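Colleague: I'd like to learn how to read a fold like this one, feature by feature. Could you walk me through it?

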Amino acid sequence: MKQNIYYEMNTWLNEHKFDIFGSLSFKNHFKDNIKQKSFQHFWNRVDSHYFGSNRRNRIERICFNHIGYSNTNLHFHFLAKCPIVEDTHKFNAVLNLIWFEMKESGKYSKIELINDNVAVAKYVGHETYKLGTDTINTETSHLT
């Protein structure tokens with residue numbers, strides 16, 4: 001079952017060409033609910049930067065929960081599409097600026113342009129064997 005989820009997710013992700021890959025870690029051992037709230041706050045700040053207070057418009061993204069090899073290190077990954085009003089390189093810079101301004105951001109975080117959609121799809125889906133469909137963070141994902 002979980003292998004089917006992995007295959008279906010990879011297929012879907014390869015069909016949708018995302019521009020940015022993010023891997024967000026935390027500097028301290030925050031509780032998981034604080035990490036989730038920080039991740040939501042990050043996306044609220046990004047959406048507000050591009051769309052103001054209009055909550056109907058959001059950056060198109062799919063977000064993932066990962067727990068790492070220890071099964072206790074909750075961190076997040078995301079794939080995002082650049083809004084049409086922005087240059088992809090500048091969008092990447094804005095995401096980095098917003099994340100690294102946050103007090104919870106960890107030094108192992110990385111936000112970068114996607115060069116290989118197939119490799120990124122495999123990477124973000126590699127924990128589905130542990131988490132199943134819970135690997136998708138439905139609280140922060142936004143797809144049109």
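Colleague: Let's begin with the sheet. In what order do the four strands lie?

Modeller: Keep in mind that this is a predicted model. Its four strands make an open sheet with the order 2-3-1-4, and their pairing is antiparallel. Strand 2 and strand 4 (110-113) are the edges: each has a single partner strand, so one side of each has no neighbour in the sheet. From one strand to the next, the twist averages 15°.

Colleague: How many bridges join strand 2 to strand 3, and how many join strand 1 to strand 3?

Modeller: Strand 2 is joined to strand 3 (residues 75-80) by six bridges, and strand 1 to strand 3 by five; both pairs run antiparallel.

Colleague: Now side chains. Which way do the residues of strand 2 point?

Modeller: The general idea comes first: in a regular strand, side chains alternate between the two faces of the sheet. In this case, R61, C63 and N65 point one way from strand 2, while I62, F64 and H66 point the other way.

Colleague: Is strand 2 largely enclosed or left open, and why?

Modeller: Six of the six residues of strand 2 (residues 61-66) are buried, so the strand is largely enclosed by the rest of the structure. Burial here means a relative accessible area under 20%.

Colleague: Next, the nonpolar cores. Which residues have the most contacts inside the largest one?

Modeller: They are F42, W43, F78 and L95, in a core of 23 residues. Strand 1 (20-24), helix 2, strand 3 and helix 3 each give two or more residues to this core. There is also a second, separate core of eleven residues, including M9, L13, F64 and A121.

Colleague: What does W43 touch?

Modeller: Leaving aside residues up to four places away in sequence, W43 touches I59, R61, C63, F78, A80, L95 and T140. W43 is buried, with a relative accessible area of 1%.

Colleague: Let's turn to the rings. How many aromatic pairs does a search of the whole structure find?

Modeller: Ten. One of them is F42 with W43, an edge-to-face pair at 4.9 Å centre to centre and 65° between the planes. F42 is buried, with a relative accessible area of 0%. Y50 and F91 make another edge-to-face pair, with 5.6 Å centre to centre and 65° between the planes. Y50 is in helix 2 (residues 32-51) and F91 in helix 3 (residues 88-101), so this pair ties together parts that are 41 residues apart in sequence. Both Y50 and F91 are buried.

Colleague: Which residues do ring pairs link into a cluster?

Modeller: The cluster holds F26, F30, F39, F42, W43, F76, F78 and W99.

Note on methods: Residues numbered from 1 in each chain as written. Predicted model: local features only at pLDDT ≥ 70, side-chain atom pairs only at ≥ 80, totals over all residues. Heavy atoms only, no water. Buried < 20%, exposed > 50% of the residue type's maximum accessible area, 1.4 Å probe, protein only. Pairing = 2+ DSSP bridges. Phe/Tyr/Trp six-rings, centres within 6.5 Å; stacked < 30°, edge-to-face > 60°. Core = buried A, V, L, I, M, F, W, Y, C linked by side-chain atoms within 4.5 Å. Contact = heavy atoms within 4.5 Å. Axes fitted to C-alpha atoms, helices over the stretch in contact; angles between N-to-C directions.
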